[in-house]
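Hi,

Here is the structure I promised to pass on.

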Amino acid sequence: MGDAHNDRICRFISAMGFALALFSLLLCLPAFAATADIGGLTVSLPDPASGWKKAGKGDLFMLQKDFLETADDKRGSALIQISKPISAARSSLPAGVKTFVASLPEMAKEDILIKHYGVTVNGHDIRVEERCCVQQQEVSIKQIVVGIAGDKRQAYLQLVLLNLSGDRGKSAEADFEALVRSVKLDPSDKDFDLVPASGDGGLDGVFTYLDTGVRPNVFGGVDLYSDSEINMFDPKGLFSTELPEGGRDIAQSCKDNPTDCGLYRLTGGGFFSSAGSIEMRSVTSAYGTIEIETKTFSKKGQDLVIDDEDYRAVPPFADGATLDGKWVYTFASSGMTATSSGSVAASRELTLHKDGTFERTGWSGASMTNEIAGSQTGITTSGNRPGSSGRYELSGYRLDLTDASGKTETMSIFEPDKNSDGLLVINGKNYLKDDGD
């Protein structure tokens, strides 16, 4: 990139005001190491091969990544700022986040779009606040601010996205999320990982309850839902709200999908009584925020009662077990506003035979209309899912489907209804048995 071109970019950015002028500091900077010590704060930085560059003197460490203009997107940039730790009491974290947000004055006027509050794996308080979108000189700006506080020190991090949305914005946010998870505020801090502590654990198995209700949909209407929610407990102290896929155990699954997981311990019991509560420390965001909830707990035979919800113990399938029948998953959603309406529907059929063979079929369709100034436009589309067949294997909570070409797809599976195969939950979706009625 030539000096004259850089000068033009710098003048253009500087003209946008203080919020964008700092980008002029970050052009054509060298790559950086994978780990940085910022005034005693340790972070793992994004891979320099991914396009991030660094700069920064004084109190802020800064990284920038540029995105070229494409046929669909304007030229954009992402900026990460990391402050050196400051001495402050833990209770001042909310005020500190507010001050850091105000480093972009226009953003401070915006409402919080998404927020995550909790603690880190190292016991520090953490706050994440996302605001969007301010327009300056035809540039869209999105801000995510993170504050982390221990008893004596705090650190602040910020991601600013300029003209970035869709996959480009998500990739920058994923790098920032990983960086935040890596933060070590104190020398004794450990890497982000869900490691049970002494006193954690005490349960073993998969338990499910039926959650029903209504919720709004994207078309402006509401949908009825009926979901078989689960908790899978590891005796050492891990839990997951999803069954591991691909044959992995719960520890492997939680490393790849931490927001499905958490840690638990049973509390409140005595020498002659069982535990009366369960403390669940759930990972609630990709930034590593952990929320702690204490819920009432009791055992009812092999089943559990958690927070007044009845969780039924779900036995695993025996190795080599077979089923016989056709199971169908259906989904439909519709709604309308003053100027538009829409609907979407889908169906999946899975037939399993006693001899270990299967067939799969399915279809989906959607319809949308929109009226503007008396003119109405609409679209309707539908299609069939290519059918497949082959052999299947059941083992534990795992279903392997191997088609005629030899390709195997691994799915999670369990039977939520005791002593009945009328409902199978496959990869989190409810498949009802079709009895031909």
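This is a predicted model: local features need pLDDT of at least 70, side-chain atom pairs count only at pLDDT 80 or more; totals for chains, interfaces and linings use all residues.

Let's start with the hairpin. Strands S1 (residues 35–38) and S2 pair in the antiparallel sense, over 4 bridges, and Thr35 has Ser44 as its bridge partner in S2. There are 2 residues between the strands, and Gly39 in the turn has a positive phi of about 60 degrees.

On to the salt bridges, where the count comes to 20. The part I'd look at is a network that links Asp200, Arg265, Glu279 and Arg281. Asp200 and Arg265 form a salt bridge, with their closest N and O atoms 2.9 Å apart. That pair links distant parts of the chain, 65 residues apart: Asp200 is in the loop between helix H4 (166–181) and strand S11 (205–216), and Arg265 is in strand S14 (residues 261–267). Asp200 counts as buried because its relative accessibility is 10%, under the 20% cut-off. Arg265, at 24%, is partly exposed. Arg265 also meets Glu279 in a salt bridge (4.0 Å, N to O), and Glu279 lies in strand S15 (residues 277–283).

Another salt bridge joins Arg131 and Glu129, at 3.0 Å between the closest N and O atoms; both residues are buried.

Last, the patch: Glu291, Glu293, Asp307, Asp308 and Glu309 form a negative surface patch. Glu293 sits in strand S16 (residues 290–300) and is partly exposed, with a relative accessible area of 41%.

Cheers

Key
Residues are numbered from 1 along each chain as its sequence is written. Side-chain values use heavy atoms; hydrogens and water are left out. Two strands pair if DSSP finds at least two bridges between them. Patches are made of residues with over 30% relative accessible area and no salt bridge: like charges are joined within 9 Å, nonpolar side chains (Val, Leu, Ile, Met, Phe, Trp, Tyr) within 5 Å. Accessible areas come from the Shrake-Rupley method with a 1.4 Å probe; for residues, only the protein chains shown count as cover. A salt bridge is a side-chain nitrogen of Lys or Arg within 4 Å of a carboxyl oxygen of Asp or Glu. Lys and Arg count as positive and Asp and Glu as negative; His and the chain ends are not counted. The place of a charge is taken as NZ of Lys, CZ of Arg, CG of Asp or CD of Glu. Buried means under 20% relative accessible area, exposed over 50%, partly exposed in between (1.4 Å probe, protein chains only).
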